[in-house]
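Hi,

Here is the structure I promised to pass on. Have a look at it first, and my notes on what turned up follow below.

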Protein chains: 2
Amino acid sequence: MKIIVQKFGGTSVAGLERMKLVKAKVEKKLNQGYKVVVVLSAMAGETDRLIALANEFSKDPDPAELDVLLTTGEQVSIALFTMLLKDANIKARSLLGFQIPIHTDKAFGKARILDIDTEKMMDLLKTYDVLVVAGFQGCDFQKNLTTLGRGGSDTSAVALAAALNAEMCEIYTDVDGVYTTDPNVCSKARKLQKIAYDEMLEMASMGAKVLQIRSVEFAKKYNVPIHVRSTFSDEPGTLVVKEDEIMESVLVSGIAYDKDQARITLVDIYDEPGIAAAIFEPLAAYDIVVDMIVQNPSHEGRTDLTFTVSRKELKDALKIIERVKDEIGAKEVFYDPDVAKVSIIGVGMRNHSGVAAIAFKALKSENINILMISTSEIKISCLIKEKYTELAVRTLHEAFGLDKEPTVENN
Amino acid sequence: MKIIVQKFGGTSVAGLERMKLVKAKVEKKLNQGYKVVVVLSAMAGETDRLIALANEFSKDPDPAELDVLLTTGEQVSIALFTMLLKDANIKARSLLGFQIPIHTDKAFGKARILDIDTEKMMDLLKTYDVLVVAGFQGCDFQKNLTTLGRGGSDTSAVALAAALNAEMCEIYTDVDGVYTTDPNVCSKARKLQKIAYDEMLEMASMGAKVLQIRSVEFAKKYNVPIHVRSTFSDEPGTLVVKEDEIMESVLVSGIAYDKDQARITLVDIYDEPGIAAAIFEPLAAYDIVVDMIVQNPSHEGRTDLTFTVSRKELKDALKIIERVKDEIGAKEVFYDPDVAKVSIIGVGMRNHSGVAAIAFKALKSENINILMISTSEIKISCLIKEKYTELAVRTLHEAFGLDKEPTVENN
């Protein structure tokens, strides 16, 4: 049994005409002899509508009840789409998360998938040619409904593809693939034919919102090939695959950016064991994610510490820092909400030196000051003033020759 | 543990302000020491909106998928209302049909409740003071979602009250009780303090849409006292109880009417065994409900047969009759969509003769011709031309003295 998973996002299911396009994509795979598992998001705008409704009823909506509310969005999508398929005499039925079941932990609003029981689905695939599954949702072992967080339908799709041993997980969206950078910022951005899981992870964790990060982690872990492509075209999109399936030996695959950054600097704190914990543990306890961290060399037992958080969490982070300020001996606390992170990403940089040098030189040529730097094996990130973001992206894109097709052919 | 079930209809949950009134009703019972099981309908208009959406996607929406779609209406209501309760520090949680579970048969769109597992609910009531249950929905034993038909939330509430051995099932609605007849038709209509299950059944199966019929059958079977009352007032409404709890010895409790009637007459058919089956079995196979049936005395082995169906099913019924016309030897088929049924209802008429005589005399005094008559132990129904409906209701209401409080006091 050849199985393919096809996931369609909110804009792809927004109304009857759009859903007819989705139906055509499904039929194409049926004609190729596949059994198709379709994963749908809520119709565009529906989740926001439901969240607004919840906020009308409660200043701080109960997370468990919010999940009960939000899961209705996908439920509506799968029921309507299955009706459409059945009208075309396609053997199809809908499946809600709890009916499969897709078991998750109890972290309402951001649950993680623990296991997927494939027995029922495999059995249903003997009778049905298409199973239409509600994305974004699961249930805990007590049958409480849970959701997987924004973009969670991607993770639903990849997890199902892994569990069902599907040949491919197609993610249909309103863009036609993964680009070397944001085409809205850089007109020379180029669609990538292939990208490695690790590169996609770095891209996803930054501005490139094509795929939910967790879905890429899942795909990497279970080696599920993902094809990111457009609902509104027949062109191939971008394959997200294992690194060794990418033959081109490019240094850098893409430039990403993230404007949701704010910088906090603690001046002249004690430089002794336990100080970092005293700062970051209370932040973690409040679910505040710290991104970049830089500590200056110590001077007479004292040092400065700078880190970044999401801009919308800056206020909460500062409150917490204010509480631990004395404990860590900080003389002053500075902050700057007007910063952005620009990243150069590529598995190729592992084996090549000089990437950082090229990047710094390019930014310097435009007089863009680098406020912080952090590096990983396949990424170099620079924190800069927000107003230079677009300029920095375009400059780096050109400096690494991303506007040109790679000289070594893709396989 | 004192348990009370409170059911609120669509108009009672239509928006935040209305739900605050619902919350006040719940709090009142909490203050009286009850654990409260709240059963909610979809917000007014929501079910119709979803049905319209389904009809946009399919000319004949798949019943199973339609139930997947429609159950979202109640899901939204219970999530929002539970948020409201939790904001007021009330220990509450929502429950969907499948989470309880409320098991039904597989008759999508009109499922019947087979059993309710109370173990989980009783256990939850140790922790929570209020359980907010989605009305109208259940699931079959394969976890497929089902709905109980229009007004099904009443049945959900009564079934839960029976299963949980609740003291009372309060049905809150936008009218303040059960009336002797439709107040829109007869200005002298009077609110009843009590009504017997059987009378309520007859009223419900006619125009009086206060309660879903099946909920009354359920209440009668399990002897669940129902209190029909208004969400928008603190006045007591009407108690629906066992006959022997009603002390007043009135002849007639109410006058009901039903304009959803159409009459079909088969002229000069064979009068032999099997003919009725040849007519009514194909109608039943298409789920067309036949209401009144009258057969004229046979003459030379031939007879006329007249019956009524719901007006919206007339077209389908005629198609079926056309098919069996030759088989039953019908010379002609007449039909009349402009008829209505007026009924006189009262458990008291069991022990009194003369009710029919009073009714016929009253109608005759207004020159209203009776087209068909059917009687049960506690009801006399007359089919008349639709245009006389209101006149007939008012005439009968007065003839049986329903505008005056009964001379024997209610207990």
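Predicted model: local features only at pLDDT ≥ 70, side-chain atom pairs only at ≥ 80, totals over all residues.

Next, a sheet in chain A. Six strands form an open sheet with antiparallel pairing, in the order 14-15-13-16-18-17. Which strands stand at the edges? They are strand 14 (290-295) and strand 17 (372-376) of chain A; each has a single partner strand, so one side of each has no neighbour in the sheet. On average, and ignoring direction, neighbouring strands are turned by 30 degrees against each other. Further in, strand 16 (residues 332-345) and strand 18 (residues 379-385) of chain A run antiparallel and are joined by seven bridges. In that pair, Ile345(A) sits opposite Lys379(A) of strand 18. The sheet also has a helix packed on it: helix 9 (residues 314-324) of chain A touches strand 13 (254-270), strand 15 (302-309) and strand 16 of chain A. The direction of helix 9 makes about 20 degrees with that of strand 13 of chain A.

Now for where the two chains meet. Chain B puts 26 residues into the contact, and chain A puts in 26 residues. On the chain B side, helix 2 (46-57) and helix 3 (63-87) each supply at least two residues. The largest share of that side, 14 residues, comes from helix 3 of chain B. Sorted by class, the side of chain B that touches chain A has 14 nonpolar, six polar and six charged residues.

On to the core. The largest nonpolar core has 258 residues, and the members touching the most others are Val37(A), Met200(A), Val37(B) and Met200(B). Beyond its neighbours within four places in sequence, Met200(B) is in contact with Val178(B), Ile195(B), Leu211(B), Val216(B) and Val240(B).

Last, helix 11 (residues 389-399) of chain B. Its buried residues include Thr389(B), Ala392(B), Arg394(B) and His397(B). What do the buried residues of this helix pack against? Their partners are strand 13 (254-270), strand 16 (332-345), helix 10 (355-365) and strand 18 (379-385) of chain B. After helix 11 of chain B comes Gly401(B), with a positive phi near 65 degrees.

Cheers

How values were computed
Residues numbered from 1 in each chain as written. Chains lettered and ligands numbered in written order. Core = buried A, V, L, I, M, F, W, Y, C linked by C-beta atoms within 7 Å. Buried ≥ 20, exposed ≤ 12 C-beta atoms within 10 Å, placed from the backbone. Contact = placed C-beta atoms within 7 Å. Helix = DSSP H or I, 4+ residues; strand = E, 2+ residues; numbered from the N terminus. Nonpolar A, V, L, I, M, F, W, Y, C, P; charged D, E, K, R; others polar. Pairing = 2+ DSSP bridges. Axes fitted to C-alpha atoms, helices over the stretch in contact; angles between N-to-C directions.
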